[in-house]
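Please keep the structure open while reading.

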Amino acid sequence: MKKLGLALAATLFVSSFSASPSSAAGFPDVSDANRFHKEIQYLSDEGVITGFTDGKFQPKAGVTRGQAAIMLGKALGYSAEKQNTPFKDVDASIVSSGYIEKLVKEGIISGYPDGTFKPAKTVTRAEMAIFISRAFDWGYEGEPEYFFDVQKGMKAYHAIQKLSAWGVAAGYEQNMFRPAETLTREQFAAFTARAMNLNEFGVGPDEVEVAFLDVGQGDATYVEYADGRAVLIDAGPNAEQISRALKEIGARPIDALILTHPDPEHMGGAAWVIENYGVQKVYESGLPIDPVGFKDYENAIQQNNIAVKTAKTGDNLSLDASVAIQVLHADPKAETADDGGMVLKMTSDLWDFLLAGDATPEVQQHLVDKYDLKADVLQVPHHGKETYYTYPLIDEVKARMAILSYSGKPDDSVVNDLRASGSDIYDTHNQGNVIYVITDEFMRMNVNRYLFGYGQLVPDIRIVKKDLKAEVVTLTNYDRVNADMTGFTLVSVKGNETFKFPDGFILRSGQSVDITSGPNAVHQPPNSLKWTNANVWDDGGDAAKLFEFPSSMLDEMP
């Protein structure tokens, strides 16, 4: 799935861009406290950068276009031979001329309309983003950060998005990138080191990905940790279904396979997964497995020398210390597989997923009596069948999102109970793979089979203040995750006027934003957003409503 850290295809040949080399050891003006100390030391050790004649690095000094050309040219293995160029200010006497000529031909750097290159001009952060995005390409991976001062239509917009998604570029406080700011030598070192070695220096957020797979009438949940290891919980009804779903999401090799119980809808594709995805370990429920019905599974275990362990209630089956996969229930002595199957809860500091498997009403009641089951996402028991009546569980979990996996139709009573509890319902039958991308700040989800653009899991945003005379409405994010408010709208009911939040606007957890209008409207994101200089609100009385979608109201203030 969407991970960074891909190796460069070409060997990097790099050296200094300064006039006079000095020792590649430590620089007296770059202490351990410098935020880019590791990147600077790395490039010094690799011979990429050197200091000045006094031994200093001058981390705050600007980088010129000529210096940038030398660095990028050597990094890409281009010729250093001086030569004349099409630019009237770059001839064969300029040390960077050979690199400039090659980089221009490759479309990495360009000159100015007046026919000059301006090699002595300092480079901005936006310009460097363009250069690096053209010079190195790992694909558009990960989730880019939103910057308030980087808007669509800017020349560097897509380059900055790419570098942010790759983990090469980060911004400043209050989600600012400062694209017009002069690039310093220490920033140049950070950009370059990260571009050369994403695994070592990438700054993108760690991501956990959880995908509820479309496998027809069955269950399969794929979990990928930040370090790239993966777990599959159940394997769907057959090889055809699970192979297609895993291919659709671009699954990595699967380190551990958790089989909640020996039901064909849950482990029919297990043998195929073991044979094709490099499974190292299998966790079983301890319930007896039909040796005839699952002969291919037993053969795959033996032929691939797979370690098999029996999971017990209380076990943590996770491969990552930051994410728990706790076994809330497993009973190998139960009369039926559904009574004894595993119920799992995946948790981190910021989110919880409850995977109820095929838990029977009796098991559900036991869980309600024993645990705090509140969770952000509930995988509904037994594909939404009424015979596995779920109201006590649904009422206890109070999930914001409910996932149904089926090929037929869930029972209306279950769907109605989910809606009554406040859950948004998604299903793999109609919407394909339901994928969550989770960082320490965001939980994003995708519910389109082939469209991998992530929408925000709706947080708890409320209208907390409405000053109609001052034309200011204040919203606060009470949730524990940040909210991407792209597409959200605030409506002045009396005048039927609508404010649409700008694309990518982030309202951080616990923070507030003022929506301002009238002659004193202020636009200072992220604290205030300007609607219009016209008066919107009727100060004699006007209700305010906040919508995620036109038909989905989040809050209102009469």
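Across the whole structure, a search finds eleven aromatic pairs. The model is predicted. Of the two pairs described individually below, one is formed by F212 and Y436, the other by W351 and F353.

**Aromatic pairs**

- W351 has a relative accessible area of 3%, and F353 has one of 0%. With the cut-off for buried at under 20%, W351 therefore counts as buried, and F353 is buried too.
- A cluster linked by ring pairs consists of F499, F501, F505, W531 and W537.

**Charges over rings**

- R65 places its charged end over the ring of F117, 4.2 Å from the ring centre.
- The ring of F57 has the charged end of R185 over it, 4.4 Å from its centre.

**Packing of helices α4 and α5**

- Two packed helices are described by the angle between their axes and the distance between those axes.
- Helix α4 covers residues 125–135 and helix α5 covers residues 157–166; they pack at an angle of about 70°, and their axes are 8 Å apart.
- Angles of 65 to 115 degrees count as roughly perpendicular, and α4 and α5 are therefore roughly perpendicular to each other.
- The crossing of α4 and α5 is left-handed.
- On the α4 side, the contact is made by A129, I130, I132 and S133. On the α5 side, A159, I160, K162, L163 and W166 take part.

**Overall totals**

- The protein contains 16 helices and 25 strands.
- It has 558 residues, of which 54% count as buried.
- Taking contacts between residues at least 6 apart in sequence, 64% join residues at least 24 apart.

Technical notes: Residues numbered from 1 in each chain as written. Predicted model: local features only at pLDDT ≥ 70, side-chain atom pairs only at ≥ 80, totals over all residues. Heavy atoms only, no water. Phe/Tyr/Trp six-rings, centres within 6.5 Å; stacked < 30°, edge-to-face > 60°. Buried < 20%, exposed > 50% of the residue type's maximum accessible area, 1.4 Å probe, protein only. Lys NZ or Arg CZ within 6 Å of the ring centre and 35° of its normal. Axes fitted to C-alpha atoms, helices over the stretch in contact; angles between N-to-C directions. Helix = DSSP H or I, 4+ residues; strand = E, 2+ residues; numbered from the N terminus. Parallel < 35°, antiparallel > 145°, perpendicular 65-115°, else oblique. Left-handed = near helix turned anticlockwise from the far one by under 90°. Contact = heavy atoms within 4.5 Å.
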